[in-house]
Amino acid sequence: MAGGVRSRQTVLVGLTALLSAAAGALFFHFSIRTSWSNEVVTQTILLTLIAWVAENQAVQFSKRVHVSSANLPVLLGIFFLGPAQSAIIVCLSVLAVRRSKDLLRTTFIFASNAVSVMLVAALFNFLKEPLGYSVPPTAIALGFVFAGFLIGAIWEVIDFAFTSVGVALRYNQKIISLWKNNFLSALPSQILILGFGIVIAGVYISAGIAAAALFFVPIFASQHVYKLLVQQKELLAEQ
């Protein structure tokens, strides 16, 4: 039993180190190849703040899995800013809910989020020529819509794959059960969020980031109400 725990811990430490190295290398690679103009920095900060608020309004689906609309500002970062900026948005927003003293767990979450976001952002840039859209997008073309949904779906799969592996190693849970009980139950809401992301991207293209940011107000309000309903249900179940 103790040997199994140490073995899983060793694998998790090694995986965390590998992801951390990959995250650092990818961030450096994309940082020196991207523009850091005042406009880009300002938009990165604004989207990070929006993601931070969204994480604070996250809905807990199980003990270790939660769903939030923080994916929306990260998607906008992928579409309009670039891999390095998207990594900043997702990693800093994680601070809103990850206050654990478990350094290994926190490092794994940061590194896995950064790697997954930068990989899909790079894929989004790669698909621009085959599908016929520009980066950043300047119009809602069919190729952009298809790429947006594809990127969002791939990101969700990669992100949960990392999460499930981390949880399985840290807490000795079965990966298949995690996918069945957590990923599938959260899938409908994530598809809905992805659709909202494409709509908000259209507003971003047409009217700028300020107009797009206003779309988050009703989203946050509805998410907060749903969060209260979930908490109320849990309280009633305990009585």
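Cys91 is buried, at 13% relative accessibility. Buried means under 20% relative accessible area, exposed over 50% and partly exposed in between, with a 1.4 Å probe and protein chains only. The model is predicted: local features need pLDDT of at least 70, side-chain atom pairs count only at pLDDT 80 or more, and totals for chains, interfaces and linings use all residues. Residues are numbered from 1 along each chain as its sequence is written, and side-chain values use heavy atoms, with hydrogens and water left out.

Cys91 sits in helix H4 (residues 83–94). Helices here are DSSP runs of H or I with at least four residues, strands are E runs of at least two, and both are numbered from the N terminus. Leaving out residues up to four places away in sequence, Cys91 touches Phe110 and Ala114. Contact means heavy atoms within 4.5 Å. Asn113 is 22 residues from Cys91 in sequence, yet their C-alpha atoms are 6.7 Å apart.

Asn113 also meets Ser116. The backbone oxygen of Asn113 lies 3.0 Å from a polar atom of the Ser116 side chain. A polar contact is a pair of N or O atoms within 3.5 Å; within protein, one must be able to donate a hydrogen and the other to accept it, and residues adjacent in sequence count only if both atoms are side-chain atoms. Ser116 belongs to helix H5 (residues 103–126). Ser116 is buried, with a relative accessible area of 0%. Beyond four places in sequence, Ser116 is in contact with Trp155, Ile158, Asp159 and Phe162.

The structure holds two cavities of 30 Å³ or more. A cavity is a set of points on a 1 Å grid over the protein atoms alone where a 1.4 Å probe fits but cannot get out; lining residues have an atom within 4 Å of a point. Volume is the space filled by probe spheres set on the points, which are joined across faces, edges and corners. Its lining consists of Asn71, Leu75, Gly152, Trp155, Glu156, Gln190, Ile193 and Leu194. By class, the lining has four nonpolar, three polar and one charged residues. Ala, Val, Leu, Ile, Met, Phe, Trp, Tyr, Cys and Pro count as nonpolar, Asp, Glu, Lys and Arg as charged, and the others, Gly among them, as polar.

Next, the rings. The structure holds seven aromatic pairs. Rings of Phe, Tyr and Trp (its six-membered ring) pair if their centres lie within 6.5 Å; planes under 30 degrees apart are stacked, over 60 edge-to-face and the rest tilted. Two of the pairs are tabulated.

| Pair | Centre to centre | Plane angle | Class |
|---|---|---|---|
| Phe80 and Tyr204 | 3.9 Å | 10° | stacked |
| Tyr133 and Phe144 | 6.3 Å | 70° | edge-to-face |

Phe80 in helix H3 and Tyr204 in helix H8 are 124 residues apart, and their pair links distant parts of the chain. Phe80 is buried at 10%, and Tyr204 at 8%. Tyr133 lies in the loop between H6 and H7 and Phe144 in helix H7, so their pair ties together parts 11 residues apart in sequence. Tyr133 is buried at 8%, and Phe144 at 0%. Ring pairs link Phe79, Phe80, Phe124, Tyr133, Phe144 and Tyr204 into a cluster.

Pro136 lies in the loop between helix H6 (128–131) and helix H7 (142–171). The peptide bond from Val135 to Pro136 is cis, with omega near 0°. Most peptide bonds are trans.

Conventions: On a 1 Å grid over the protein atoms alone, a cavity is a set of points where a 1.4 Å probe fits but cannot get out, and a pocket is an open set with protein on both sides within 12 Å along at least five of seven lines; lining residues have an atom within 4 Å of a point.
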